[in-house]
Amino acid sequence: MKIHHTPVLLKESINYLVTDKSGIYFDATLGFGGHTEAFLKVLNEDAVIAATDVDKDAFNFSREKFANEERVKLYNFNFSEIDSVAKIESFGFFDGIFADLGVSSFQLDNPDSGFTYREEAKLDLRMDKSKVVNAADLINSFSEEDLADIFYNFGEERNSRKIAREICKQRIGFKIETTSQLTEIITKVIPFKNQNKTLSRIFQALRIYVNDELSILETFLDKSVTLLKTGGKIVVISYHSLEDRIVKEKFKYETLDCICPKEFPVCKCDKKRRIKILTKKPIAPLPEEIALNPRARSAKLRAAERV
Ligand SMILES: C[S@@+](CC[C@H](N)C(=O)[O-])C[C@H]1O[C@@H](n2cnc3c(N)ncnc32)[C@H](O)[C@@H]1O
């Protein structure tokens, strides 16, 4: 298997994440092990990194890559199961939790993964192939209104209704099964100059919906804050505004000491501040990194510390 994926914001990730060089860490998005490998380089021999990836190819590749590395514990799990990993490994708390969200360059460029409109592939978009519903299922069976809502809510696509209408018109007596069939339908109703952006927004929307990415991210963030040791760090790299907004809002919420309505004279909630934000503004890659790895251009890193 030919692998290419360049890890993003490596130095920044290490600097924010690693506090105790003999600590216990969690890499939620193992991928091809680029970040895990970099963390291992600065950690001591008695440190541990538990890591998850739902994608079988990524997991199998990394299992081989780290076969002789006793500090690494790998799980072909969804990262929302971080608490199960902690239980299985008998970890009380983590010193650092890291997530590099989205998909890898390998997933994007490998036609078998079906993640991109640029390659001819089956319309699938599941990271975890054991999930029941794939992108073709919903394109062929969801109502026009539901499809439009998915394109609008998860792709921020302004032409969502027009595109959903065309899909529903074209699928009468015909099953849309491949990326190129969907692409052809979309490009019919979108002016040439906007086509690439629209296509990437529609594929992003389908991917987010099929993999339930946003609610899984919320669950993961919530469990992560609970599972961090005092002084431990959480570092999240996101690649689009919907993900980044969830991370930003969750971090902000976790800094609050009270969520009672303003008119309450005294606090009646039990809410306690659980983190301190370390990145007032998200960290973006430097132009040098983007020049070497254009896919880094949309990356935003946010970090926080458990208090
Ligand atoms: C951007 S890549 C990570 C690349 C990795 N940092 C590296 O350097 O090789 C994101 C990875 O996270 C995985 N992933 C996405 N959502 C996931 C989830 N909910 N649970 C587990 N893995 C997930 C994807 O399958 C993909 O391999």
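Q: Why is Lys 281 called exposed in this predicted model?
A: Lys 281 has a relative accessible area of 67%, and since exposed means over 50%, the residue is therefore counted as exposed. Lys 281 lies in the loop between β6 (275–277) and α13 (287–292), and its C-alpha atom is separated by 20 Å from that of Arg 295, 14 residues apart along the chain.

Q: Is Leu 125 buried or exposed, and how do you know that?
A: Leu 125 has a relative accessible area of 0%, and because buried means under 20%, Leu 125 counts as buried. Leu 125 lies in a loop, the one between α5 (105–109) and α6.

Q: Why is Thr 183 called buried?
A: Its relative accessibility is 13%, and the cut-off for buried is under 20%, so Thr 183 counts as buried. The place of Thr 183 is in helix α9.

Q: Which residues does Thr 183 touch, not counting residues up to four places away in sequence?
A: Thr 183 touches Tyr 117, Leu 199 and Phe 203, where a touch requires heavy atoms within 4.5 Å. As for Tyr 117, its C-alpha atom is separated by 6.6 Å from that of Thr 183, although the two residues are 66 residues apart along the chain.

Q: How do you know that Thr 178 is buried?
A: Thr 178 has a relative accessibility of 16%, and because this value falls under 20%, Thr 178 counts as buried. Thr 178 has its place in the loop between α8 and α9, and, leaving aside residues up to four places away in sequence, Thr 178 touches Glu 120, Ala 121, Lys 122 and Leu 123. By contrast, Thr 178 and Ile 88 are 40 Å apart in space, C-alpha to C-alpha, and 90 residues apart in sequence.

Q: What makes Asp 244 a buried residue?
A: Asp 244 has 7% relative accessibility, and since buried means under 20%, Asp 244 counts as buried. Asp 244 lies in helix α12 (residues 241–254) and touches Ser 238, Lys 300 and Arg 302, not counting residues up to four places away in sequence.

Q: Why does Cys 168 count as buried, and which other residues of its helix are buried?
A: Cys 168 has 13% relative accessibility, which is under the 20% cut-off, and therefore Cys 168 counts as buried. In helix α8 (residues 160–170), Ser 160, Ile 163, Ala 164, Glu 166 and Ile 167 are buried along with Cys 168. The buried residues of α8 pack against α6 (135–141), α7 (144–155), α9 (179–189) and α10 (195–211).

Q: How many disulfides does the structure hold?
A: The structure holds zero disulfides. Cys 269 is in no disulfide, and the nearest cysteine sulfur, that of Cys 267, is 3.7 Å away, whereas a disulfide needs two cysteine sulfur atoms within 2.5 Å.

Q: How do you know that the radius of gyration of the chain agrees with a compact globule?
A: A compact globule with 307 residues would have a radius of gyration near 19 Å, and the chain has 21 Å, which is why the two are said to agree. The C-alpha atoms fill a box of roughly 60 × 60 × 40 Å, taken along the principal axes, and 50% of the 307 residues count as buried.

Q: What secondary structure does the chain have?
A: The chain comes to 13 helices and seven strands. Among its contacts between residues at least 6 apart in sequence, 68% join residues at least 24 apart.

Notes. Residues are numbered from 1 along each chain as its sequence is written. This is a predicted model: local features need pLDDT of at least 70, side-chain atom pairs count only at pLDDT 80 or more; totals for chains, interfaces and linings use all residues. Side-chain values use heavy atoms; hydrogens and water are left out. Helices (H or I, at least four residues) and strands (E, at least two) are DSSP runs, numbered from the N terminus. The radius of gyration is taken over C-alpha atoms; the globule rule is 2.2 Å times the number of residues to the power 0.38. Buried means under 20% relative accessible area, exposed over 50%, partly exposed in between (1.4 Å probe, protein chains only).
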